[in-house]
Amino acid sequence: MTSSLEARLVELEAASRPLDPDPAGRAALFGPVFDYAERFLDALPSLPAYVVTMDKGRGVLDLQFREDGRSIERVLSVLGDQVDRPGLNPASGGHLGYIPGGGLYASALADYLADITNRYPGVFFSSPGATRVEHQVVRWTADMVGFPAGAGGTLASGGSIANLICLAAARDAHGIRSRDVERVVVYLSSQTHHCITKNLRLLGLGECVLRYLPLDQRFRIRAEALASQIEADRRAGLSPWLLVASAGSTDVGAIDPLDSLADLAAEHRLWYHVDAAYGGYFLLVPGMRERFRGIERADSTVLDPHKTLFLPYGLGIALVRDQATLAQAFRSDAPYLQDTLTEREEDSPADLSPELTRPFRGLRLWLPLLVHGLAPFRASLEEKLLLTQWLHAELRTRGWEVGPEPDLSVITYRWVPDGLDPELVNRLNARVVELIKQDGRVYVSSTLIEGRYTIRYAGVTHRTHLTTVRLLLDLLEGFAGQAQRELVAPGAGAGVRSTV
Ligand SMILES: *Cc1c(COP(=O)(O)O)cnc(C)c1O
């Protein structure tokens with residue numbers, strides 16, 4: 001019996017050996033993977049930002065899971081053809097559509113190391129060093145925001161979850177219980193990222209009262225409208241609770257009047273949350289502090305290194321001005337964790353987060369900040385701001401209808417030939433976006449602003465430069481002309497206003 005059990009164990013050990021390759025086995029995997037990554041990066045400057053294909057990656061299904069393995073080369077070839085080709089290429093500098101893109105090489109290497117060593121950053125006792133790394137990147141971000149010494153934070157997978165974490169802290173700090181929900185009021189705007197209302201639902205607050213505040217011409221909350229709304233709500237027996245401002249709205253890049261809103265939040269004892277997922281790291285650019293004045297007075301804020309520090313997807317930071325509010329929302333003990341409680345020199349990240357087991361996310365920010373230093377980040381962010389101003393001015397000069405001057409690195413614009421009805425103008429601009437997507441060298445996205453189809457530019461990758469934006473401008477001009485020829489009957493009196 002024993003001997004047959006032991007014999008089976010020996011067999012199983014041998015059969016599972018591929019899971020833990022020896023040096024030769026590791027080299028056989030790593031070599032092709034490294035070569036694949038190098039080929040991708042070498043080709044990247046000339047790779048399209050969008051590829052339209054007929055089969056849309058369906059060939060992934062040619063590889064079914066089976067008992068025996070396949071060569072890494074075979075798997076990488078499917079990855080290359082079916083995954084890394086069709087659709088959007090966010091690693092490309094020509095990705096000018098949605099906000100996150102890019103992907104720092106040094107972060108990829110940090111992820112590799114974090115995955116190899118698999119250090120657990122959740123509990124100080126388990127990895128005091130990893131915990132300190134995580135606290136260091138949180139502290140650095142909190143200092144940049146201007147938060148006080150008692151501030152704290154946690155590393156999440158992205159901005160949506162970081163916002164969820166902050167809203168949970170806000171709920172518990174104000175002692176909101178299930179039976180209060182219908183009387184609780186949240187102040188926000190139509191520019192607020194949709195993850196806020198999604199998160200309210202997730203937190204059991206879906207039935208709270210939402211007050212969408214009026215905006216000025218530049219899509220910023222009109223602070224003066226807030227005071228009277230709060231007073232009216234109080235008179236109606238409601239409980240004003242949360243004010244959400246955007247420091248860089250996703251849609252148009254607008255920064256709300258953070259300081260005036262902070263005054264009102266303080267006066268009316270609201271929890272003041274500033275969603276700076278997209279915009280916050282522009283604070284690194286000299287001279288930008290003023291534009292964000294008031295963010296340091298928030299009760300909580302969110303910044304996304306996977307947006308404006310160019311990291312690969314997977315890192316958002318939730319910050320609170322008083323770390324105790326995070327602990328109140330998330331601290332939870334269990335008897336099987338008793339051995340972890342012996343060392344408490346630093347707080348444990350797991351006590352400040354809904355997650356227990358999670359990757360060592362701090363390393364993907366810590367390592368690039370150390371090896372590159374801060375200067376290249378500041379330079380690339382300033383480049384993004386100036387490119388946006390340049391494009392805005394060029395588009396206006398060339399006769400495009402442009403949205404407000406950029407606060408950050410997003411602008412909106414549309415092609416509006418004289419004498420066309422609004423519906424045709426919408427179709428014309430939609431056609432321009434479609435032609436750009438088919439061409440593929442750059443990718444732009446669209447939005448609806450007060451019912452008008454509007455083209456967006458969002459510049460947030462470290463690989464986007466003047467040549468990229470010049471190319472965009474050329475394509476826009478060419479395709480606006482082509483779309484107009486296609487859609488507008490000859491002789492309809494729609495003159496091309498472009499100067500080129
Ligand atoms: C992108 C964004 C989010 C959501 O963050 P993810 O990282 O995409 O989950 C939230 N708020 C704002 C302002 C954003 O730009």
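This is a predicted model: local features need pLDDT of at least 70, side-chain atom pairs count only at pLDDT 80 or more; totals for chains, interfaces and linings use all residues.
Local features need pLDDT of at least 70, side-chain atom pairs count only at pLDDT 80 or more, and totals for chains, interfaces and linings use all residues. Residues are numbered from 1 along each chain as its sequence is written, and side-chain values use heavy atoms, with hydrogens and water left out.

**Ligand site**
- Around the ligand lie 14 residues, each with a heavy atom within 4 Å of it.
- Gly-159, Ser-160, Asp-275, His-306 and Lys-307 come nearest.
- The side chain of Asp-275 places an N or O atom 2.6 Å from a ligand nitrogen atom.
- An N or O atom in the Lys-307 side chain is 2.8 Å from a ligand oxygen atom.
- Thr-250 has a polar side-chain atom 2.8 Å from an oxygen atom of the ligand.

**Helices H6 and H11**
- H6 (residues 159–173) packs on H11 (residues 323–330) at about 90°, with axes 8 Å apart.
- The two are therefore roughly perpendicular (65 to 115 degrees).
- H6 contributes Ile-165, Ala-168, Ala-169, Asp-172 and Ala-173 to the contact (heavy atoms within 4.5 Å).
- H11 contributes Thr-325, Leu-326, Gln-328, Ala-329 and Phe-330.
- By class, this contact has seven nonpolar, two polar and one charged residue.

**Helices H5 and H12**
- H5 (residues 128–145) and H12 (residues 363–372) pack at about 70°, with axes 9 Å apart.
- That angle makes H5 roughly perpendicular to H12.
- Val-133, Gln-136, Val-137 and Trp-140 of H5 meet Leu-363, Leu-365, Trp-366 and Leu-369 of H12.
- Seven of these residues are nonpolar, one is polar and none is charged.

Technical notes:
Axes are lines fitted to C-alpha atoms, for helices over the stretch in contact, and angles run from 0 to 180 degrees between N-to-C directions. Helices (H or I, at least four residues) and strands (E, at least two) are DSSP runs, numbered from the N terminus. Angles under 35 degrees count as roughly parallel, over 145 as roughly antiparallel, 65 to 115 as roughly perpendicular and the rest as oblique. Ala, Val, Leu, Ile, Met, Phe, Trp, Tyr, Cys and Pro count as nonpolar, Asp, Glu, Lys and Arg as charged, and the others, Gly among them, as polar. A polar contact is a pair of N or O atoms within 3.5 Å; within protein, one must be able to donate a hydrogen and the other to accept it, and residues adjacent in sequence count only if both atoms are side-chain atoms.
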